[in-house]
Amino acid sequence: DVAADIKHPLWYTEPSAKTMELAKLDDLSNTVVSDGQRGEPGFPAADLKLTDEQIEKVKAGNFTVAISMGWLGDDWASQQLIGLKETFEKLGIKVVAETNANWDDAKQIADLEAISVLQPDLLVSIPLNGQTTASAYKKIAEAGSKVVFIDQAVDGMEPGKDYAAIISSDNLALGMYLADALHEAIGGEGDVAAMYFANDFYVTNLRYEGFIARVMAKYPDMHVVVAAGHNDPNKGQEVAQGVLARYPSLDGMYASWSIPAMGAAIAANVAGRTPGDFKIVNENFDQIVALNMAQNGFIAGISSQRPYDQGVAEATIGALTLIGEETPSYVVVPPLKVTRDTLPEGYKTIYRIDLPEEMSGALSN
Amino acid sequence: MPKIQWQNYVVYIFFIVVLAFFGFTIGDSGFLTVTNLFNIARTTAMITIMAVAMTFVISAGELDLSVGSTAALAALVGALVMQAGYPWPLAVMAALAAGLGVGALNGFFVTVISIPSFLVTLGMMQFIRGLDMRVTYTNPVSISNQSFNAIFGSGKFYGLPSLLIWSVVIAGIGHVVLKYTSFGREILATGGNRLAAEYSGVKTRKVKFAVFLLSGAAAALAGMLYSGMMQTARFNFGEGAELMAIAAVILGGTSLFGGKGTILGTFAGSLLIGTINNGLIIMGLDVSEQMMVAGAIIILAVAFGKKPNG
Amino acid sequence: MPKIQWQNYVVYIFFIVVLAFFGFTIGDSGFLTVTNLFNIARTTAMITIMAVAMTFVISAGELDLSVGSTAALAALVGALVMQAGYPWPLAVMAALAAGLGVGALNGFFVTVISIPSFLVTLGMMQFIRGLDMRVTYTNPVSISNQSFNAIFGSGKFYGLPSLLIWSVVIAGIGHVVLKYTSFGREILATGGNRLAAEYSGVKTRKVKFAVFLLSGAAAALAGMLYSGMMQTARFNFGEGAELMAIAAVILGGTSLFGGKGTILGTFAGSLLIGTINNGLIIMGLDVSEQMMVAGAIIILAVAFGKKPNG
Amino acid sequence: MTTSHILEMSDIAKSFGKIPVLKRVSFNLRRGEIHALMGGNGAGKSTLMKILTGVYNRDGGSVRIEGAEVELHDTAAAERAGVAMIFQEFSLIPTLTVAQNIFLKHEPRLPGTPFINNAEMVRRSRDLLHKLGVDIDPEAPVGSLSVGYMQIVEIAKALSKQARILVMDEPTSSLSEAETEALFALVRRLRDDGLSVVYISHRMAEILELCDRVTVMRDGQTVLTEDCAAMSVEHIVDAMLGAGNTASFTWHDRGELPDAEPILRVRNLKLDTRIQDVSFDIRPGEIVGLAGLMGSGRSEIAETIFGRQSPVSGTIEFDGKPLRGQADAIARGVALVPEDRRKMGLVLDHSVRDNIVLPNLDRFSRHLFMRDGAAMTTVNATIRDLGIKTDGPEKLARLLSGGNQQKIVIGKWLARNPRLLILDEPTIGVDVGAKSEIVETVRAMADRGMAVLVISSELEEIMAISDRILVLHGGRIVQQMNRRDVATEEELHHAIQGHRIHASDARHA
Ligand SMILES: Nc1ncnc2c1ncn2[C@@H]1O[C@H](COP(=O)(O)OP(=O)(O)OP(=O)(O)O)[C@@H](O)[C@H]1O
Ligand SMILES: Nc1ncnc2c1ncn2[C@@H]1O[C@H](COP(=O)(O)OP(=O)(O)OP(=O)(O)O)[C@@H](O)[C@H]1O
Ligand SMILES: [Mg+2]
Ligand SMILES: [Mg+2]
């Protein structure tokens with residue numbers, strides 16, 4: 001078994017039979033791998049639409065919205081917010097509060113309670129944990145605010161009744177794409193490492209599971225020889241250093257998030273590895289990893305989310321539910337695999353602008 | 001009788017000024033509703049309770065950085081005991097035992113081995129947080145016992161949120177103990193001049209041990225309140241709570257160098273911080289603005305209470 | 001001559017013991033390679049540099065909790081200056097100016113308004129972190145200037161990583177200043193007994209102001225090293241670094257109560273922490289195990305150096 | 001005013017808050033004289049001199065040095081003007097070494113560099129300490145020294161500055177005869193070289209021996225300035241305390257005590273350090289003086305009886321049963337007034353009241369709760385009985401004058417009505433009036449059966465208070481004698497140096 005003998009994260013559970021089945025598919029682009037938390041099938045975000053009457057109705061409502069984020073400080077959060085705010089602006093929905101729990105459940109509850117005072121018509125939020133923050137969300141919902149969840153819902157709330165929908169990336173697929181990208185980058189065989197986010201966190205757990213499932217199902221020649229956790233993105237470099245010291249002949253690494261991935265790139269450089277013999281993949285398509293990839297650096301593949309689209313989808317669902325429309329309860333934004341070859345298109349898709357000069361210059365070198 | 005110095009009451013004054021400011025500017029946005037004021041009291045309850053015990057610790061000339069991770073440990077222990085089917089009072093005892101255990105360890109290293117408490121409790125903070133992750137493999141443990149959740153979390157008694165009652169009761173007890181008992185005097189003397197206290201017959205080692213026990217117990221209670229409020233226990237409860245608690249204590253007017261402590265000031269300090277956080281969100285400030293304003297207010301609140309060159 | 005007390009050297013002893021332990025157990029797993037040992041020195045450089053200045057601050061009887069967020073501020077300022085197309089020496093000056101500015105503010109509130117430094121710098125830590133988020137709306141700023149990245153980050157000089165050189169140079173200067181200059185004496189006197197120092201003609205206010213300036217400058221340098229190492233500046237650099245730096249200082253044998261300080265001990269303390277973290281990762285321990293072991297070692301390292309009842 | 005005055009302070013005024021401490025005080029100092037500044041506790045002596053050294057800023061008046069008006073904003077300015085001071089409450093940094101303290105702010109440099117020459121600093125410190133007749137390790141941290149040694153370091157520090165005006169605020173309060181002699185010899189030599197000295201002391205005997213002129217202060221005003229030749233001790237005391245206030249600091253024979261079993265029985269005590277083999281008894285109602293050289297280990301004996309140290313060997317029995325540690329000692333009625341009031345005696349940042357209540361917490365609490373009313377009665381009584389000069393019981397101990405702080409430490413233990421009271425240098429910094437009050441109080445309590453052990457470096461004090469005197473030398477009690485058999489301080493002085501006194505027979509074998 002490829003990855004059975006490594007030390008998995010504390011929260012790790014074996015992939016389900018269904019996941020393993022899907023992991024065997026060669027082409028995932030038309031499949032939603034992750035089911036909703038309530039087992040419901042995913043609705044593609046691209047199919048969400050507002051009619052002109054609906055837009056007028058929303059505008060006439062003079063609605064208010066509060067946004068409660070779990071953290072800030074990466075392009076995922078920024079793009080998500082841009083998508084949300086631009087769409088709300090267009091729809092005439094006023095953002096009355098914006099909070100950042102900075103990874104702390106208790107802070108998120110306090111944030112939600114402050115928000116509840118404002119009695120916004122709509123709350124868009126990513127719960128840091130589906131259990132700890134549940135009652136705070138319930139209270140807001142009971143007080144009459146519509147709730148749209150980012151990435152995961154909380155326990156004890158029912159879709160369609162207590163909340164409108166979850167809008168999420170297909171996280172299992174994200175993980176699988178990472179395996180694909182890494183496999184491709186290292187040329188089909190070799191030893192690789194997985195650097196995961198050590199804290200129990202719904203979406204990253206799924207990505208790790210997807211990555212492992214895909215490796216087990218499809219890539220017997222790619223050996224995951226070590227899994228190591230970081231509990232702070234800034235510590236990624238330190239962890240990667242240790243991993244590379246211990247396994248100096250690794251061919252590649254999956255590093256959860258861009259900051260740890262860049263840390264791993266620097267660690268690899270210091271360890272005397274070159275982009276020719278060591279490849280890193282990650283799941284945050286931000287400026288730094290994109291530039292590194294353009295420059296032929298260690299970053300060899302990105303399994304990207306579409307945070308802007310996700311933000312737009314969240315705002316759209318929010319608008320629909322505000323005017324009483326039925327909405328799908330689980331909306332999925334498909335991942336996008338980006339390599340150096342597909343960087344310009346990928347960039348355009350995610351950021352809606354052309355590749356910055358710095359990157360396009362580097363690409364043509 | 002010495003003249004009453006208004007500088008000693010600056011935390012209360014500031015608390016009232018901040019309340020009034022928010023009342024005028026965002027009172028009609030819901031800030032002044034009973035629910036919201038209760039919310040402030042509820043969400044600050046854990047910090048308040050840890051800060052009350054921290055006032056004892058700091059007054060005795062020590063520091064306890066391990067309260068946050070201890071709270072999480074106690075929450076997890078309590079939740080696991082209930083999950084295993086035992087009645088909730090047993091879970092409470094187990095959680096308290098966990099807190100007292102950590103307190104006893106801290107106390108042992110500080111008083112018997114004489115290691116500076118900053119270092120002991122910094123090490124302990126890490127150690128216990130590692131243990132927290134280990135206990136349930138970072139998985140949350142949900143608590144379905146509704147008595148527990150009502151008493152320690154979202155319940156109300158006579159219309160008052162139980163979290164509010166807890167913090168008032170603990171602050172009340174703390175105030176009486178520090179101000180009106182010989183134990184309180186011994187704590188202050190120990191922190192004021194340990195050697196002089198020793199020569200006066202105060203068993204300063206025991207006193208210090210005792211405050212660490214109290215701090216452990218308070219952290220355990222805070223942990224149960226976190227878990228009762230969230231109906232779940234999770235390994236990362238109380239991250240950063242130690243600094244918040246210390247800030248509340250010092251904002252309240254307790255000297256970081258020991259020998260002087262006021263529980264009422266601590267209570268006001270904790271509420272002040274909570275009110276600022278709550279008010280700024282309602283005002284619609286974004287996170288970076290919230291942090292800047294809260295930071296500035298902490299400094300200014302104290303600056304305001306100082307005479308220049310004082 | 002006073003008898004040499006091995007207890008004073010416990011941090012060095014422990015450092016060697018820990019090195020030897022890892023050397024034997026995981027020496028052939030890459031721990032003992034030059035690259036890895038350099039790695040330890042590189043990743044601890046920022047903490048070392050902040051800890052050197054923190055030794056000054058603590059010796060003078062104060063504390064600086066704002067270093068982490070100041071480092072991030074300086075990193076961002078420097079990166080933005082370079083991004084705007086100015087040459088890197090200008091960026092360095094701007095970053096240093098940012099650090100000195102924060103240091104001056106801290107110094108002002110502590111010495112002129114006489115607010116306890118714990119509170120000032122705690123407020124400042126929040127304020128500056130809020131500012132950090134504001135400056136670039138939390139977006140990272142990448143640094144493409146290769147001279148800067150080499151000098152402050154991943155470069156090598158004569159085969160030695162520049163980060164290692166920085167930390168050795170700063171620790172060396174710090175050691176000489178604290179031990180062999182009258183400024184160093186004045187710092188220790190101020191922290192040892194402020195009133196007595198005043199009686200002896202030491203301008204303790206100026207001394208305290210100066211150490212906060214130094215701490216701000218050191219934080220700025222650390223920030224540039226973070227950004228040089230990661231070739232990016234980011235708002236959350238240095239989160240938690242203040243506690244790590246203080247731990248290194250105290251582990252090294254400096255008294256948290258002021259008046260006694262050793263830079264070499266601080267250096268060893270910082271390396272000890274870095275070595276433990278690195279070794280435990282290579283041993284394959286997961287995060288929870290790493291935290292537990294690191295926490296326990298910090299406590300034991302000091303316990304070991306203490307006589308019972310000492 | 002003639003130019004023979006190196007220093008003229010005129011109409012100096014100073015208040016702390018609303019309380020005036022100096023009311024238009026004038027004081028002058030001639031070149032090359034030793035000028036005693038006398039006055040009761042809290043008269044304002046230290047405050048006046050701290051204005052001279054720039055520690056406090058005056059509210060009014062002027063200061064002239066060498067005829068020129070000077071502004072003394074801070075201690076550095078005073079140093080530049082040539083003023084150095086030996087501070088009553090010390091200006092030493094406990095965490096620095098002896099040498100580092102002596103040369104703080106004027107460390108010798110390595111030639112041509114800004115760096116400190118540590119070796120040179122240590123060498124010079126050793127020389128200075130030698131001149132003062134003590135053998136203190138210049139590299140020992142000051143915090144580890146006993147008060148007596150700290151005082152010498154403080155003196156060495158002031159001398160090292162080579163000032164023109166030297167203010168000595170109770171420099172000998174913890175010194176015993178030998179060191180005092182060495183200091184006086186040195187001060188006289190410096191005076192002869194042109195140094196002008198202000199000398200503050202509560203030791204009456206010293207004043208007339210050492211000083212050329214004397215100024216007496218009372219309640220923030222100067223009441224007298226005279227040549228010493230024209231003065232007597234009685235005269236000075238009168239001026240200090242006001243007419244009609246007679247302070248008798250003289251011994252009187254309390255007669256034979258009724259034979260009783262000793263309450264304290266010390267046998268063959270051996271301690272870690274100097275003490276080799278010490279045995280003695282104290283009976284109820286008896287006041288026993290323990291005399292010895294500085295560093296001879298008197299304080300260590302006291303601390304061992306009180307249970308703060310454990311002996312290497314030997315036994316200590318109280319009331320027929322061995323003492324088991326400090327808690328046991330306190331519970332059974334042993335009290336210790338320690339020698340260093342700042343370190344061991346007081347919580348300086350707490351109020352007078354809290355300090356007095358501290359050792360009595362058990363008496364003033366019931367079921368853990370404090371009975372503040374009952375405590376207050378005792379606190380007020382203590383303040384009154386010992387004449388503690390304070391604005392009220394809530395004043396912080398830190399803000400009291402040195403002598404008044406000392407009275408708190410004595411008072412807080414007397415409030416317990418101990419059965420054995422150990423006084424280690426009890427009257428350091430206490431004025432004659434208060435000294436005699438303290439002695440009276442102790443005698444009265446001894447009359448009611450309290451046993452007392454007094455340690456003092458001031459032989460005058462030992463002579464004034466003791467019924468019986470133990471002489472400690474070389475780690476042993478070399479002599480025990482009845483006070484009435486000792487004729488002069490001189491004799492006792494010799495005994496301490498190790499010579500036998502033949503006038504008496506030891507009472508106990
Ligand atoms: N910083 C201060 N704040 C308030 N009161 C003070 C302060 N310093 C001194 N005092 C008061 O001023 C008065 C004079 O004190 P000072 O120390 O000058 O007396 P002194 O003559 O030196 O007495 P002693 O012989 O006991 O040393 C005392 O009543 C004292 O309580
Ligand atoms: N030469 C020295 N250098 C440094 N420390 C010394 C020296 N001699 C003695 N000491 C310390 O000073 C203390 C003197 O002992 P102790 O206080 O019991 O003596 P004492 O007779 O009461 O003398 P003192 O008048 O100094 O109080 C001891 O704790 C000892 O460690
Ligand atoms: Mg005085
Ligand atoms: Mg003594």
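# Four chains, value against definition

User: What share of the contacts in chain B with a separation of 6 or more comes from residues 24 or more positions apart?

Analyst: In this predicted model, residues 24 or more positions apart account for 76% of those contacts in chain B.

User: How do you know that chain B is as compact as a globular protein of its length?

Analyst: Chain B, with 13 helices and 4 strands, has a radius of gyration of 19 Å, and the globule rule gives 19 Å for 310 residues, so chain B is as compact as a globular protein of that length. Along the principal axes, the C-alpha trace of chain B spans about 60 × 55 × 35 Å.

User: What part of the 310 residues of chain B counts as buried, and what makes a residue buried?

Analyst: A relative accessible area under 20% makes a residue buried. By that cut-off, 64% of the 310 residues of chain B are buried. The accessible surface of chain B is about 10,500 Å², with 70% belonging to carbon and sulfur atoms. As for charge, chain B has 16 positive and 10 negative charges, and their mean positions are 11 Å apart.

User: How do you know that chain B is in contact with chain A?

Analyst: The test is heavy atoms within 4.5 Å. In chain B 32 residues pass it, against 31 residues of chain A. Together the two chains bury about 2,500 Å², and carbon and sulfur atoms give 56% of that area. On the side of chain B, Met230(B), Arg234(B) and Ile281(B) supply 22% of the area buried against chain A, more than any other three residues.

User: Which pair of chains has the most contacts, and which two chains do not touch?

Analyst: Of the 5 pairs of chains that touch, chains B and C have the most contacts. Chains A and D do not touch, and their nearest C-alpha atoms are 37 Å apart.

User: What makes chain A as compact as a globular protein of its length?

Analyst: Chain A contains 13 helices and 13 strands. Its radius of gyration is 20 Å, close to the 21 Å from the globule rule for 365 residues, so chain A is as compact as a globular protein of that length. Its C-alpha atoms fill a box of roughly 60 × 45 × 35 Å along the principal axes. Buried residues are 66% of the 365. Among contacts in chain A between residues at least 6 apart in sequence, 76% join residues at least 24 apart. Chain A exposes about 12,300 Å², to which carbon and sulfur atoms contribute 48%. The 27 positive and 50 negative charges of chain A have mean positions 2 Å apart.

User: How do you know that the radius of gyration of chain D agrees with a compact globule?

Analyst: For 509 residues a compact globule would have a radius near 23 Å, and chain D has 23 Å, so the two agree. Chain D has 17 helices and 22 strands, in a box of roughly 70 × 50 × 50 Å taken along the principal axes. Of its 509 residues, 59% are buried. The accessible surface of chain D is about 19,200 Å², of which 49% belongs to carbon and sulfur atoms. Chain D carries 61 positive and 69 negative side chains, with the centres of the two sets 4 Å apart.

User: Which residues in helix 8 of chain D are buried, and what do they pack against?

Analyst: In helix 8 (residues 233–241), the buried residues are Ile236(D), Val237(D), Ala239(D), Met240(D) and Leu241(D). The buried residues of helix 8 pack against strand 3 (34–39), helix 7 (204–210), strand 9, strand 10 and helix 15 (432–447) of chain D. Gly242(D) follows helix 8, with a positive phi near 90°.

User: Where does Gln231(B) lie, and what is its phi?

Analyst: Gln231(B) is in the loop between helix 10 (204–230) and strand 4 (232–233) of chain B. Its phi is near 55°, a positive value in a residue other than glycine.

How values were computed: Residues are numbered from 1 along each chain as its sequence is written. Chains are lettered from A and ligands numbered from 1 in the order in which they are written. This is a predicted model: local features need pLDDT of at least 70, side-chain atom pairs count only at pLDDT 80 or more; totals for chains, interfaces and linings use all residues. Side-chain values use heavy atoms; hydrogens and water are left out. Helices (H or I, at least four residues) and strands (E, at least two) are DSSP runs, numbered from the N terminus. The radius of gyration is taken over C-alpha atoms; the globule rule is 2.2 Å times the number of residues to the power 0.38. Buried means under 20% relative accessible area, exposed over 50%, partly exposed in between (1.4 Å probe, protein chains only). Accessible areas come from the Shrake-Rupley method with a 1.4 Å probe; for residues, only the protein chains shown count as cover. Lys and Arg count as positive and Asp and Glu as negative; His and the chain ends are not counted. The place of a charge is taken as NZ of Lys, CZ of Arg, CG of Asp or CD of Glu. Buried area is the accessible area (1.4 Å probe) that two parts lose on being put together, summed over both.
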